[in-house]
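Please open the model in your viewer and keep the selection tool at hand.

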Amino acid sequence: MDDLKHQVEQIKNQFLHKLDLAQTEVELENVRILFLSREGSIPKLMHILKELSPDDKRHFGPLLNELKKESEQKFEEKKKKLALEALNKAEMKKTNFDVTAYESKMPKGSLHPYTPVIELIEDVFISMGYKVAQGFELEDEFHNFEALNIAKNHPARDMQDTFWIDVNRLMRTHTSTVQIREMESQKLPLAILSYGRTFRNEATDASHDFVFMQVEGLLIDKNVSMGNLFATLKIMLQGIFQRDDLDIRIRPGYFPFVEPGIEVDMACPFCTSGCSVCKKTRWIEMGGAGLVHPNVLKACNIDSTEYSGFAFGFGLTRLVMLKYGINDIRLLNSGKLEFLEQF
Ligand code: FA5
């Protein structure tokens, strides 16, 4: 009887080995014929069962039944696996074929002008050790206003016409919300860059849209100065425009969340004596910046006697307009093909 036990073991191993080697439907069918078909080695072994004594039957019956059941199950699993692989291969072939055919007939796509500018900015800041942070477009009053030192009834709230969703929730009016979320949750020192859509309930014109992009930077460390801020802004603008000789103007500016605060303008590239983009001023306002106000640090539980920092928030949409000479901001969100095809 040891002989029969040995035989069961041997057939089982051979079956598993051959099943493992089978890589096509034909090879799998050969395994089935060899082991599971009526003349296959497993059913043949089952025939021997009939000739055994009742005692041996009781002992070998379950062993042989288990071999049969397990082999059939393993066979079905392998069959499904091979069928799925064949299907995937066929799908891939179909996709490859379709893409080639599609490409030859359809016009080519291109990057939206935002994309290369975002990549340039990310390159500049990642090379300086900054982390790119994500924020929320749907925000609460605390992160958009209060923590940024803009209390209820503060006149600065009127400067940012807000799309309110309900009493506490709003569409963020600026990316400065990310400053707060990062200071609340990250360890110091902190160097973050963030960009994304912002929303303002205001009338549109050549340089104003109600949905536009901003890019925000924040550095919190010990002894951060306006000198650090100026150097960083200069590196950013030179990186975006890929030139050193930029016409930039810096003037004092008021934002409740920085002290001192500045505004940064760039010379209008569309005119020599004033136009609708620069509102006849020859300068286009690009963004605000300054040293983070101690009240903001306090709202994020940061000790303002130990840490200081700078922050800036630029109109990414305006940067893109200047880089590519786009004289109407509304084109960027228009989805107009004749506009997008130029890039
Ligand atoms: C702010 O939004 C501040 N959060 C910027 C800031 C950040 C200051 C950190 C200090 C420290 P402001 O409302 O000025 O500031 O907007 C910043 C820039 O966004 C503007 O200079 C302009 O380039 C752009 N911008 C503002 N409103 C619009 C609009 N409606 N359409 C297009 N761009 C706009």
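Helix axes are here lines fitted to C-alpha atoms over the stretch in contact, with angles taken between N-to-C directions. The model you are looking at is predicted.

With that in mind, select helix α2, residues 25-36, together with helix α3, residues 41-50, whose axes come within 4 Å and cross at roughly 10 degrees. Angles under 35 degrees count as roughly parallel, and α2 and α3 are therefore roughly parallel to each other. To see where they touch, show the side chains of L34, F35 and L36 in α2, which meet S41, I42 and P43 in α3. The residues of this contact divide into 5 nonpolar, 1 polar and no charged.

Next, turn to the aromatic rings, among which a search of the whole structure finds 8 pairs. Select F145 and W164, a tilted pair with 6.3 Å from centre to centre and 35 degrees between the planes. F145 lies in the loop between α6 (141-144) and α7 (156-159), and W164 in the loop between α7 and β3 (169-171), so the pair ties together parts that are 19 residues apart in sequence. Colouring by accessibility sets the two partners apart: F145 is buried, with a relative accessible area of 1%, whereas W164, at 41%, counts as partly exposed.

Then move to F312 and F314, whose ring centres are 5.9 Å apart and whose planes stand at 90 degrees, so this pair is edge-to-face. F312 is buried at 1% relative accessible area, and F314 counts as buried at 0%.

Methods:
Residues are numbered from 1 along each chain as its sequence is written. This is a predicted model: local features need pLDDT of at least 70, side-chain atom pairs count only at pLDDT 80 or more; totals for chains, interfaces and linings use all residues. Side-chain values use heavy atoms; hydrogens and water are left out. Axes are lines fitted to C-alpha atoms, for helices over the stretch in contact, and angles run from 0 to 180 degrees between N-to-C directions. Helices (H or I, at least four residues) and strands (E, at least two) are DSSP runs, numbered from the N terminus. Angles under 35 degrees count as roughly parallel, over 145 as roughly antiparallel, 65 to 115 as roughly perpendicular and the rest as oblique. Contact means heavy atoms within 4.5 Å. Ala, Val, Leu, Ile, Met, Phe, Trp, Tyr, Cys and Pro count as nonpolar, Asp, Glu, Lys and Arg as charged, and the others, Gly among them, as polar. Rings of Phe, Tyr and Trp (its six-membered ring) pair if their centres lie within 6.5 Å; planes under 30 degrees apart count as stacked, over 60 as edge-to-face and the rest as tilted. Buried means under 20% relative accessible area, exposed over 50%, partly exposed in between (1.4 Å probe, protein chains only).
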